[in-house]
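Here is a short briefing for a first look at this structure. Take the loops first, then the sheet and the helix contacts.

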Amino acid sequence: MRVSRRHLLGLSSAALFGLTVRRPLAMAAGKTQQPRKTMRILILGGTGFTGPHQVRYALGRGHQITLFNRGKQPHEWPGTVEELIGDRNTGDLKALEGREWDVCIDNPTTLPFWVRDAGRVLHGKVKHYIFISTISVYADNLKPADESAPVASYPGKDAMAETIESLRANGELYGPLKALSEKEAATQFPGKSTIIRPGLIVGPGDETDRFTYWPVRLARGGEVLAPGDGSDPVQIIDARDLAEWTIRMAEARTLGTFNATGPEHSLLMRGMLTGIAAAIHADVKPIWVPTDFLESEKVEAWGDMPVWVPARGETAGFAKRSIAKALAAGLTFRPLDTTAAETLTWFKQQPAERQAKLRAGVTAAREEEVLSKWKSKSSNRGA
């Protein structure tokens with residue numbers, strides 16, 4: 001089953017493709033512990049999916065926070081936050097001039113010229129630059145690999161000329177442009193950069209529904225279309241775990257490149273669905289439908305069956321990225337049941353029109369149709 005790179009988008013995809021982010025208001029960050037030294041932290045972005053978790057966690061640890069963004073998503077913070085207005089897409093970074101910070105965390109960037117421009121205005125003004133990249137930078141997913149694996153090549157003529165509009169028109173550029181943005185980060189901030197490559201980011205506040213589909217669907221109960229035979233591995237990371245670890249990496253000034261996904265142990269699709277169902281007390285009966293049959297019915301991995309990518313062929317290593325470096329650097333994880341239950345709670349708090357149509361996964365009608373065809377085929381085969 002071929003899975004398009006367009007479907008394997010990472011952190012910044014919600015903003016890039018025009019999704020409105022509604023942040024969970026009642027979900028507090030995890031436990032905090034005061035660090036030894038207060039830091040001046042500049043967050044580029046900061047109001048999307050992971051940014052607010054970074055802000056809350058950092059404030060809880062006594063840091064001074066400055067946000068730089070377009071000011072399109074006002075937010076009430078649990079402490080003092082300086083908010084600077086500009087637009088990296090038009091090169092308006094005047095608000096950053098003449099200022100200094102201990103660390104800059106760059107959340108929303110996919111375009112290399114954004115990194116270049118930030119590097120120019122912040123030259124000599126920050127001691128540490130953390131670039132949030134994506135696990136989609138890798139050239140292929142053929143086998144399990146660590147951070148040393150080759151990254152995707154850019155197929156165009158001038159990466160610095162790429163824009164938000166050209167990226168939206170060709171989602172296949174996402175990984176290659178992130179890879180070039182990583183390279184630009186090393187150029188602009190030599191000896192000062194950290195590259196974090198998240199996998200699928202999940203949890204309360206995710207507007208893509210690429211994980212949310214499963215708690216919502218399982219909560220409905222009954223027979224559930226489940227992909228494959230349950231043995232395919234999956235990797236996800238709660239946005240809060242990613243955000244909090246990023247702040248701790250800033251505190252420790254840890255440099256290098258890190259895959260950031262989870263959990264710490266191997267998680268299979270069957271285990272994920274079982275864990276989610278138990279967490280939300282769902283009465284369900286998963287019907288595991290073979291990959292080949294799903295493919296024949298044009299039920300797509302990742303898009304129609306979120307989180308899942310079959311561990312065979314060109315995606316054999318997709319959900320087997322090594323996170324040994326991140327674990328050694330202190331990455332920790334909430335339990336799956338916590339993420340699942342709190343994601344469902346958040347979703348149920350959304351407006352009725354938002355809940356009416358999930359943005360990922362098959363519709364109820366399509367699920368029923370595929371299950372009916374599979375049962376018919378299975379029955380005929382056994383006759």
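Pro263 sits in the loop between E10 and H8. A cis peptide bond joins Gly262 to Pro263, with omega at about 0 degrees. The model is predicted: local features need pLDDT of at least 70, side-chain atom pairs count only at pLDDT 80 or more, and totals for chains, interfaces and linings use all residues. Residues are numbered from 1 along each chain as its sequence is written, and side-chain values use heavy atoms, with hydrogens and water left out.

**Overall build**

- The protein chain has 13 helices and 11 strands. Helices (H or I, at least four residues) and strands (E, at least two) are DSSP runs, numbered from the N terminus.
- The C-alpha atoms of the protein chain fill a box of roughly 75 × 45 × 40 Å along the principal axes.
- The radius of gyration of the protein chain is 21 Å, which agrees with the value near 21 Å for a compact globule of 383 residues. This radius is taken over C-alpha atoms, and the globule rule is 2.2 Å times the number of residues to the power 0.38.

- His281 lies in the loop between H8 and strand E11 (284-289).
- His281 has a positive phi of about 60 degrees, although it is not a glycine.

**The sheet**

- Seven strands form an open sheet in the order E3-E2-E1-E4-E5-E6-E10, with parallel pairing. Two strands pair if DSSP finds at least two bridges between them.
- Strand E3 (81-85) and strand E10 (256-260) are the edges; each has a single partner strand, so one side of each is left without a neighbour in the sheet.
- The twist from one strand to the next averages 20 degrees.
- Strand E1 (residues 40-44) pairs with strand E2 (residues 64-69) in the parallel sense, over five bridges.
- Ile43 stands opposite Leu67 in E2.

**Helix H2, on the sheet and against H7**

- Helix H2 (residues 51-60) lies across E1, E2, E3 and strand E4 (103-106), and runs at about 160 degrees to E2. Axes are lines fitted to C-alpha atoms, for helices over the stretch in contact, and angles run from 0 to 180 degrees between N-to-C directions.
- H2 also packs with helix H7 (residues 239-252), at an angle of about 50 degrees and with axes 8 Å apart. That makes H2 oblique to H7. Angles under 35 degrees count as roughly parallel, over 145 as roughly antiparallel, 65 to 115 as roughly perpendicular and the rest as oblique.
- The crossing of H2 and H7 is right-handed. A crossing is right-handed if the near helix is turned clockwise from the far one by less than a right angle, and left-handed if anticlockwise.
- From H2, the contact takes in His53, Gln54, Tyr57 and Ala58; H7 brings residues including Arg240, Glu244 and Arg248. Contact means heavy atoms within 4.5 Å.
- The contact of H2 with H7 has five nonpolar, three polar and three charged residues. Ala, Val, Leu, Ile, Met, Phe, Trp, Tyr, Cys and Pro count as nonpolar, Asp, Glu, Lys and Arg as charged, and the others, Gly among them, as polar.

**Helix H6 and its partners**

- Helix H6 (residues 213-220) and helix H11 (residues 336-348) have axes that come within 9 Å and cross at roughly 80 degrees. H6 and H11 are therefore roughly perpendicular to each other.
- Pro215, Val216 and Ala219 of H6 meet Ala340, Leu344 and Phe347 of H11.
- H6 packs with helix H8 (residues 269-280) at about 60 degrees, with their axes 9 Å apart. H6 and H8 are therefore oblique to each other, and their crossing is right-handed.
- Trp214, Pro215, Leu218 and Ala219 of H6 touch H8 residues, among them Met269, Leu273 and Ile280. The contact of H6 with H8 counts 10 nonpolar, no polar and no charged residues.
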